[in-house]
Amino acid sequence: MTETAGTNTAGGVTCRPRIVAFAGNPNTGKSTLFNAFTGLRQHTGNWPGKTVTVTRGRFRFRGVNYIAVDLPGTYSLLPNSPEERLAKDFIFSDLYDVVVVVTDATCLERNLALALQILEVTDKVVVCVNLIDEARSKGLRVNTEALSRMLGVPTVATSARDGEGLPALMDAIESVITGRTATRPLKLKYTSEIEGQLRRIAGWLGPTGLVDGKLRGVSVQLLCGECDVLDVLRSSNRIVECLGKLDEGRRIRRECSVNAVSR
Ligand SMILES: Nc1nc2c(ncn2[C@@H]2O[C@H](COP(=O)(O)OP(=O)(O)O)[C@@H](O)[C@H]2O)c(=O)[nH]1
Ligand SMILES: [Mg+2]
């Protein structure tokens, strides 16, 4: 998967390489997967904060050119550090064709929290259950078919360190990008009170032209006080209309958290 990649030509039409982003908690094997796909040697290891920039590399698969993007590790789309903010901004951008959410098979439940947040924002997702060898040696078995049905996106078990499952992962990536697999991502439903506030915020965001997951994801961010998510919408010159509503957004958030605490 490591030939030089340029533009793609289909039916005489030239288009840009497809972009595959690897997202996930720290130490789930994102950089190991990135290296396996690109043939590069992005630093891997088990100490925090090692991936502080977005690293890109090229590869080719079945005659198509791809760019792999190794995002910094993050636990949440509600960031606590510059690295997490970088990963979040990328997920909210239009800079990718598919996100591979890399999870650790030995602590899947914790890792799936981020997967659910990403599924809220975009339909173009593949879930990679990595470190499956470690899980196996601990006697854990992961039912990826059931997980795939629950999450509504392809879910593939891998052991990035020894290459197990990588062809199946690439196949899933290709099928989501081409639309051969239609995803139906699981969308979390919150309490009726929160859903009501999300609808209200989504109404304010009407002028931005955001729809579907992006609209929902940005609404959740604003309800959680993550107002800088609007930076990714700067291309919209109607953004000022939305910004004008933010003070009200902050008030609603205070009300929601007070109600949640007093329940
Ligand atoms: N046993 C096992 N180790 C892995 C696997 N994938 C990655 N690792 C190891 O896990 C550690 C963290 O991997 P890394 O790619 O740096 O994780 P990142 O923080 O998500 O980029 C490294 O020591 C890798 O060699 C895997 O599938 N199985
Ligand atoms: Mg890394």
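User: Hi! What ground rules apply to the numbering and the values here?
Analyst: Residues count from 1 along each chain as its sequence is written, and chains are lettered from A and ligands numbered from 1 in the order written. In this predicted model, local features need pLDDT of at least 70, side-chain atom pairs count only at pLDDT 80 or more, and totals for chains, interfaces and linings use all residues, while side-chain values use heavy atoms, leaving out hydrogens and water.

User: Which residues of α6 make the contact with α1?
Analyst: Contact means heavy atoms within 4.5 Å. From α1, the contact uses L33, A36 and F37; from α6, the residues are L166, L169, M170 and I173.

User: How are the rings of F22 and F37 arranged, stacked or tilted?
Analyst: Rings of Phe, Tyr and Trp (its six-membered ring) pair if their centres lie within 6.5 Å; planes under 30 degrees apart count as stacked, over 60 as edge-to-face and the rest as tilted. For F22 and F37, the centres are 5.7 Å apart and the planes lie at 40°, so the pair is tilted.

User: And what about F59 and Y66, stacked or tilted?
Analyst: F59 is buried at 0% relative accessibility and Y66 is buried at 2%, where buried means under 20% relative accessible area, exposed over 50% and partly exposed in between (1.4 Å probe, protein chains only). Their ring centres are 5.1 Å apart with planes at 5°, so the pair is stacked.

User: Where is N27, whose phi is positive?
Analyst: Phi of N27 is near 65°, a positive value in a residue other than glycine. At 36% relative accessibility, N27 is partly exposed. N27 sits in the loop between β3 and α1.

User: What is the phi of L131 near?
Analyst: L131 lies in the loop between β7 (125–130) and α4 (132–137). L131 is partly exposed, with 22% relative accessibility. Its phi is also positive in a residue other than glycine, near 60°.

Key
Helix = DSSP H or I, 4+ residues; strand = E, 2+ residues; numbered from the N terminus.
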